[in-house]
There are 2 protein chains.
Amino acid sequence: MATNPLSEPSVTLSEQVFEALQSAIVTGDLKPGDKIREPELAKRFGTSRGPLRDALRRLEARHLVTNTPNAGARVVSLSRTQLIELYQVREALEGMTCRLAAANMRDSEIEELAELLDRHEAVVRRKAGAEYFQQEGDLDFHFRVAMGCKNDLLRSALCEDHYHLMRLYRHKFSNRSGRPRRALAEHRMILEAIRDRDGELAELLMRRHIRNARKTFEKVFSDPDAPGDNDDTEKAGR
Amino acid sequence: MATNPLSEPSVTLSEQVFEALQSAIVTGDLKPGDKIREPELAKRFGTSRGPLRDALRRLEARHLVTNTPNAGARVVSLSRTQLIELYQVREALEGMTCRLAAANMRDSEIEELAELLDRHEAVVRRKAGAEYFQQEGDLDFHFRVAMGCKNDLLRSALCEDHYHLMRLYRHKFSNRSGRPRRALAEHRMILEAIRDRDGELAELLMRRHIRNARKTFEKVFSDPDAPGDNDDTEKAGR
DNA sequence: TTTCCCGATATTGTTAACAAAACGGATCTC
DNA sequence: GAGATCCGTTTTGTTAACAATATCGGGAAA
């Protein structure tokens, strides 16, 4: 898949490039650590460097791109330590989110969340590709809780600033050794707390849930003091 | 004073414009809601529109500027609701920050924090302009805790993304009716918890501290068009 | 061979001009 | 007189060229 189409002519070009680039990063078309050469990408998207630079700045705000003055931009590449830091931020943010969701989510939203978990359960029961789908499903669950908290600043911090970063690294978010099944059980407990409108419990459970995911991650990737950003698929090509 | 000098020739122009514009916003030279006309500001800073637009995108990431396509940028103007949302985000983020600071702050940093509080106490004792200085001091305290948490993602979220927004609205952050004195006492308790390396307590106290500030704010700026009593948890659609 | 310096080349930073869209005011219609 | 419509102006979006900086490779000296 070389070039993204850049649809929707009415909206601004910067916007389209932004969406296309973000998509390219999250889907792995551009890999972590890849250098971003402005002329090359501009030509690829059929635009000039102006809108491209504009898009780069926005991606920088979402931590999907890092920029060093006079040296150019690269697709972000998180070390093990940074991933752990992300878990900690999520624990804080999503804990609060969940507390607010218990207070502010609409009954209909709660029911939809329950149905979502039912579908996840069916997938996990079938066992077929459970790990992978559970990854997407996990993000989906957290996404919906964020949408339900009715705090716009929190929602945007999660769904816009951090969500795509999580998507980018979801394959590293622990999905082994029966974790999907446990995660689903934790989701169920959180849902029940929200249903009971028990914000305090909902927050506690969400924090524990994310903390558990972090601990599993730390165990699986237990390189003590390796830099972390280099392993399987790697190296800025040329 | 009309024009900021744009010092430091070695660094990039975008960077300088970014700093100057941010300063102009936080100091009140540009006021919330002000329209930002690119040609005007570019001329004021003695640059072209390119670097200015670049700076605008970065300020957008820090929520200091809002941009609507084809209609231009404005200095952000937070509603009462949005300010409350900011308090909630701070409660979550700074709670975690404080927990980590208790674990990771160096002894020397803790001592400097203690000295800072001593200075604040002297100011508050003298009563002279206590409210104002306590504002800056309060931010200073929170800033240092964030610096001490040793989680770079958290630190940047607080010190870069939200700090300047808080500075912009610090005069609205409750500083009346003896709150500075109480805030100082709360700071002292937080410091003690950090000193004891008691992360759990430090987080609890910091969250309570910010929650108290929020409640005072909500009382002082009570919603004019809210019908009944204020409900902490419920929020009508906007 | 290794190291350092230097210049060719590529990439980023910046500018000014052009295109398109929004804004404001005067005029016209009802 | 109220409201809609058109047109000139202003402002934003986009482009291509120019300037400054960094990168890379080759060659000279130790």
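Visitor: In what order do the three strands of the open sheet in chain A lie, and is their pairing parallel or antiparallel?

Guide: Strands of a sheet pair through backbone hydrogen bonds, either parallel or antiparallel. In this predicted model, the open sheet of chain A has the order β1-β3-β2, and the pairing is antiparallel. The edge strands are β1 (35-36) and β2 (65-68) of chain A, each of which pairs on one side only.

Visitor: How many bridges join β2(A) to β3 of chain A?

Guide: Four bridges link β2(A) with strand β3 (residues 72-75) of chain A, the two running antiparallel; among the residues involved, A:Thr66 has A:Arg74 in β3(A) as its bridge partner. Against this sheet packs α3(A), which touches β1, β2 and β3 of chain A and whose direction makes about 110° with that of β2(A).

Visitor: Turning to the interface, how many residues does the contact take from chain A and from chain B?

Guide: The contact takes 26 residues from chain A and 27 residues from chain B, and together the two chains bury about 2500 Å², with 56% of that area on carbon and sulfur atoms.

Visitor: Which salt bridge does A:Asp54 form across to chain B?

Guide: A:Asp54 is joined by a salt bridge to B:Arg57, their closest N and O atoms lying 2.7 Å apart, and the count between chain A and chain B is four salt bridges.

Visitor: Which helix gives the most to the side of chain A that touches chain B?

Guide: That helix is α4(A), with twelve residues; by class, this side of chain A has ten nonpolar, five polar and eleven charged residues.

Notes:
Residues numbered from 1 in each chain as written. Chains lettered and ligands numbered in written order. Predicted model: local features only at pLDDT ≥ 70, side-chain atom pairs only at ≥ 80, totals over all residues. Heavy atoms only, no water. Contact = heavy atoms within 4.5 Å. Buried area = accessible area lost by both parts, 1.4 Å probe. Salt bridge = Lys/Arg side-chain N within 4 Å of Asp/Glu carboxyl O. Nonpolar A, V, L, I, M, F, W, Y, C, P; charged D, E, K, R; others polar. Pairing = 2+ DSSP bridges. Axes fitted to C-alpha atoms, helices over the stretch in contact; angles between N-to-C directions.
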